[in-house]
Amino acid sequence: MQIYVSGVHTDVGKTHFSAAFCANFSYDYFKLIQAGKPTDSEFIAKFSPKTKIFKEGVFLQTPAAPHIGKIKEKAVYKALELVLPKSENLIIELAGGLFSPMDEKHTMIDFMSKNKRATILVAKYYLGSINHILLSIEALKQKNILILALAMMGKKDILQDEFVQNYTQIPIINLDFFDEESILNADFKEQMQRLLG
């Protein structure tokens with residue numbers, strides 16, 4: 001199965017989630033667009049050294065929204081023509097949030113809509129995150145993109161999870177940020193196994 005790891009915002013923990021998923025389920029990894037260094041692929045290699053990592057779809061030196069890096073670096077690519085690796089079990093990590101620009105005309109969700117795969121939507125606990133979560137879920141539903149689960153990163157907030165679960169009826173997976181010793185997480189693996197069958 002190929003799965004998008006999408007985010008409600010930038011810096012919510014998509015790469016942490018991707019590393020944990022790859023380490024626990026032996027999935028391959030692909031970053032659609034990398035903007036700046038250190039790269040997310042380097043993070044995956046550090047925390048999940050057995051994971052097969054494909055070269056990024058696009059690499060930009062500029063640590064900013066990809067369309068800015070594209071313009072500054074005079075990079076030549078068309079967002080909707082990027083090709084996904086031929087891997088049966090693949091995590092495809094997107095950049096930023098769903099509406100982060102990929103080039104001058106297209107966003108991450110545009111690419112997802114053209115190249116349909118299910119997604120795990122990643123968020124973390126902060127003031128305003130419920131709003132970002134619900135808006136992101138509505139956008140994915142409008143594009144008919146299957147949401148496998150909402151992954152909440154950080155220390156669990158039961159009241160927030162209960163509200164979001166009741167409002168959306170989407171399964172929630174909880175994963176705290178980790179170090180090398182805790183990446184093989186039995187609780188996380190059990191949550192995901194129940195979800196994926």
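Let's start at one end of the sheet, where strand 7 (residues 147–153) and strand 8 run parallel to each other and are joined by four bridges. Strands here are DSSP runs of E with at least two residues, helices are runs of H or I with at least four, and both are numbered from the N terminus. Two strands count as paired if DSSP finds at least two bridges between them.

Before going on, a word about the model: it is predicted, and local features need pLDDT of at least 70, side-chain atom pairs count only at pLDDT 80 or more, while totals for chains, interfaces and linings use all residues. Residues are numbered from 1 along each chain as its sequence is written, and side-chain values use heavy atoms, with hydrogens and water left out.

Axes are lines fitted to C-alpha atoms, for helices over the stretch in contact, and angles run from 0 to 180 degrees between N-to-C directions. Contact means heavy atoms within 4.5 Å.

What about the two faces of strand 8? In a regular strand, side chains alternate between the two faces of the sheet. Ile172 and Asn174 lie on one side of strand 8, Ile173 and Leu175 on the other, and all are buried, so both faces are covered. Buried means under 20% relative accessible area, exposed over 50%, and partly exposed in between, with a 1.4 Å probe and protein chains only.

Elsewhere, helix 1 (residues 14–25) and helix 2 (residues 40–47) have axes that come within 9 Å and cross at roughly 40°. That angle makes helix 1 oblique to helix 2: under 35 degrees counts as roughly parallel, over 145 as roughly antiparallel, 65 to 115 as roughly perpendicular, and the rest as oblique. Thr15, His16, Ser18 and Ala19 of helix 1 meet Asp40, Phe43, Ile44 and Phe47 of helix 2.

The loops have their own details. Between strand 3 (33–35) and helix 2 sits Pro38, joined to Lys37 by a cis peptide bond with omega of about -5°. The loop between helix 3 (66–72) and strand 5 (90–93) holds Ala79, which is buried at 0% relative accessibility. Leaving aside neighbours within four places in sequence, Ala79 is in contact with Met102, Asp103, His106 and Phe111. Ala79 and Lys105 are 26 residues apart in sequence, yet their C-alpha atoms are 8.4 Å apart.

Lys74 is also in the loop between helix 3 and strand 5. Lys74 is not a glycine but has a positive phi of about 55°, and it is exposed, with a relative accessible area of 70%. Asn144, in the loop between helix 5 and strand 7, is another non-glycine residue with a positive phi of about 55°, and it is exposed at 62%.
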